Amino acid sequence: MRGGEEFAVRYIHSVQKTPVIEVFRLDFRQGIELRETVYHDFGAGLPFLVEEGAVFSSGNGKYRISGIRRSLGDIVFRVGRFADYQLLIRGREIPFTNFEKPGRSLRFSGERRPYLLSFFY
């Protein structure tokens, strides 16, 4: 992926049993950055407080926290047996199980480069 591109991960929340979508952005200086979270229900383990600069909104049966700019570096997901993790990228939906077996970990990372090089890749 190129710096600035976004991808998302969709999964079924373990407690609420409803879909959650987390949107990430690739940044050459920070690695991977969480940008947005969308979910369909309030409950245990789902966000309800917003960080500085983030905005909480609701509508059409969804709750959205946007404007998040949390640098995460690398992200490690445990490929769920029941969570049905999906990578959403460039209009495609790819099950995590295409990459790894359930119960195993799957790491997403962004290669950090000097800012100037981000214009060439």
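**Rings and strands in a predicted model**

Student: Which residues form one aromatic cluster?
Tutor: This is a predicted model, where local features need pLDDT of at least 70 and side-chain atom pairs 80 or more, while totals for chains, interfaces and linings use all residues. Numbering runs from 1 along each chain as its sequence is written, and side-chain values use heavy atoms, leaving out hydrogens and water. The members of the cluster are Phe-7, Tyr-11, Phe-24, Phe-77, Tyr-85, Phe-96 and Phe-108.

Student: How many aromatic pairs does the structure hold?
Tutor: Phe, Tyr and Trp (six-membered) rings pair with centres within 6.5 Å; planes under 30 degrees apart are stacked, over 60 edge-to-face, the rest tilted. On that basis, the number of aromatic pairs in the structure is 10.

Student: Are the rings of Phe-56 and Tyr-63 stacked or edge-to-face?
Tutor: Their centres sit 6.1 Å apart. The planes meet at 20°, so the Phe-56 and Tyr-63 pair is stacked.

Student: Is Phe-56 buried or partly exposed?
Tutor: Buried means under 20% relative accessible area, exposed over 50%, partly exposed in between (1.4 Å probe, protein chains only). Tyr-63 has 23%, so this residue is partly exposed. With 34% relative accessibility, Phe-56 also counts as partly exposed.

Student: How many strands are in the protein?
Tutor: Strands (E, at least two residues) and helices (H or I, at least four) are DSSP runs, numbered from the N terminus. There are zero helices here, and the pattern along the sequence reads β-β-β-β-β-β-β-β-β-β. The strand count is 10.

Student: Which residues make up the covered face of strand 7?
Tutor: In a regular strand, side chains alternate between the two faces of the sheet. Strand 7 spans residues 75–78, with Val-76 and Arg-78 on the uncovered face. On the covered face are Ile-75 and Phe-77.

Student: In strand 10, what is the bridge partner of Ile-75?
Tutor: Two strands pair if DSSP finds at least two bridges between them. Strand 7 and strand 10 (residues 105–108) run antiparallel, joined by four bridges. Ile-75 is bridged to Phe-108.

Student: In the turn between strand 8 and strand 9, which residue has a positive phi?
Tutor: Strand 8 (residues 86–89) pairs with strand 9 (residues 92–95) in the antiparallel sense over four bridges, and Leu-88 has Glu-93 as its bridge partner. The two strands form a hairpin with two residues between them. The turn residue with a positive phi, about 50°, is Arg-90.
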